[in-house]
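Student: I have a model open on my screen and would like to learn how to read it. Could you walk me through some features, one at a time?

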Amino acid sequence: MHPDLIRDTQYTIRTYEVNSRKEATVPALIRLMHEAAMENVLKLKMSVWDLEPIHIAWVLMRKHIRIYRIPMLGETIKIRTHPSGFEKVFTYRDYRVWDADGNKLAEVSTTWLCMDTQTRRMTRIPEHIRSLELPPKEECLPSPERKPLPFGTANHQYPYRVNWFDLDFNSHLNNVHYVQWMLESVDKNLLENANVQEVELQYKAESLLHDEILSEVEVGE
């Protein structure tokens with residue numbers, strides 16, 4: 001197994017990452033996971049910059065988030081991330097988060113695809129990446145194959161516009177913004193008094209600069 005395949009990184013929750021309850025926000029927690037993943041792919045020489053000469057970039061397709069406890073301001077957490085599977089055009093990545101005492105805070109499984117940056121279409125994962133030896137299957141999380149429930153009638157909606165500082169290094173809307181914009185459309189009382197426990201996300205298309213986005217929420221029974 002490649003010595004840098006599994007990445008363990010510690011972070012301390014900072015003031016600009018918390019809400020009024022001094023808890024880390026879900027978008028902030030996801031950003032820290034992505035930061036750990038970036039450190040991981042840089043070490044493995046499979047980052048967007050390593051793949052740039054062959055016009056390939058990673059694009060997030062699905063994400064399944066389970067949150068057991070949200071860390072508080074000043075808490076130190078450990079994030080472990082690693083690739084957990086490769087197919088022709090799809091790759092899988094796991095994230096696990098623990099507190100300083102080793103208690104599990106969150107688990108996230110994700111599905112990514114390789115995009116040709118010139119055609120903006122799916123392309124095969126390079127063979128030198130697919131040949132990496134992965135952790136045993138029993139140590140990996142189930143891939144997020146379950147599709148989100150069908151959407152009914154929106155109870156709340158909120159419009160957004162993609163601006164310059166919303167873009168990532170692939171020149172499309174940073175995927176964390178989707179989570180943030182969906183949560184910001186939820187009723188204020190729910191945001192103030194409840195915590196997110198599970199999220200299923202499926203990304204179907206890119207959002208580009210100046211696109212108009214409408215976030216809609218259906219409140220269940």
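Tutor: Happy to. Keep in mind that this is a predicted model.

Student: What is the phi of lysine 45?

Tutor: Here is the general idea: most residues other than glycine have a negative phi. Lysine 45, which is not a glycine, has a positive phi near 60°. Its side of the story on accessibility is simple too: lysine 45 is exposed, because its relative accessible area is 56% and the cut-off is over 50%.

Student: Now the rings, please. How many aromatic pairs does a search of the whole structure find?

Tutor: The search finds four aromatic pairs. One of them joins tyrosine 160 and tryptophan 181, and this pair is stacked, with 4.5 Å from centre to centre and 0° between the planes. Tyrosine 160 belongs to strand β7 (residues 156-161) and tryptophan 181 to helix α4, so the pair links distant parts of the chain, 21 residues apart. Tyrosine 160 and tryptophan 181 are both buried.

Student: Why is the pair of tyrosine 178 and tyrosine 203 edge-to-face?

Tutor: Look at the angle between the planes: a pair is edge-to-face when that angle is over 60 degrees. For tyrosine 178 and tyrosine 203 the planes are at 80°, with the ring centres 5.3 Å apart, so the pair is edge-to-face. Because tyrosine 178 is in helix α4 and tyrosine 203 is in the loop between β8 (198-202) and β9 (212-217), the pair ties together parts 25 residues apart in sequence. Tyrosine 178 counts as buried at 18% relative accessibility, and tyrosine 203 does too, at 14%.

Student: Which residues form an aromatic cluster?

Tutor: Tyr158, Tyr160 and Trp181 form one. A ring can also have a charge over its face: lysine 78 lies over the face of tryptophan 98, 5.0 Å from the ring centre.

Student: Back to helix α4. Is histidine 177 buried or exposed?

Tutor: Histidine 177, in helix α4 (residues 175-184), is buried, because its relative accessible area is 12% and buried means under 20%. Leaving aside residues up to four places away in sequence, histidine 177 touches Arg31 and Asp166.

Student: How many residues does the largest nonpolar core have?

Tutor: It has 47 residues, and those with the most contacts inside it include Met33, Trp58 and Ile129. Among the elements giving two or more residues to this core are β2 (56-67), β3 (76-86) and α4. The largest share, ten residues, comes from α1. For a local view, pick isoleucine 129: beyond residues up to four places away in sequence, isoleucine 129 touches Met46, Leu51, Trp58 and Phe86.

Student: Last topic, the cysteines. How many disulfides does the structure hold?

Tutor: In general, a disulfide is a covalent bond between the sulfur atoms of two cysteines. This structure holds zero disulfides. Cysteine 114 is in no disulfide, and the nearest cysteine sulfur, that of cysteine 140, is 19 Å away. Cysteine 114 counts as buried at 0% relative accessibility, and cysteine 140 counts as buried at 14%.

Methods:
Residues numbered from 1 in each chain as written. Predicted model: local features only at pLDDT ≥ 70, side-chain atom pairs only at ≥ 80, totals over all residues. Heavy atoms only, no water. Helix = DSSP H or I, 4+ residues; strand = E, 2+ residues; numbered from the N terminus. Buried < 20%, exposed > 50% of the residue type's maximum accessible area, 1.4 Å probe, protein only. Contact = heavy atoms within 4.5 Å. Phe/Tyr/Trp six-rings, centres within 6.5 Å; stacked < 30°, edge-to-face > 60°. Lys NZ or Arg CZ within 6 Å of the ring centre and 35° of its normal. Core = buried A, V, L, I, M, F, W, Y, C linked by side-chain atoms within 4.5 Å. Disulfide = S-S within 2.5 Å.
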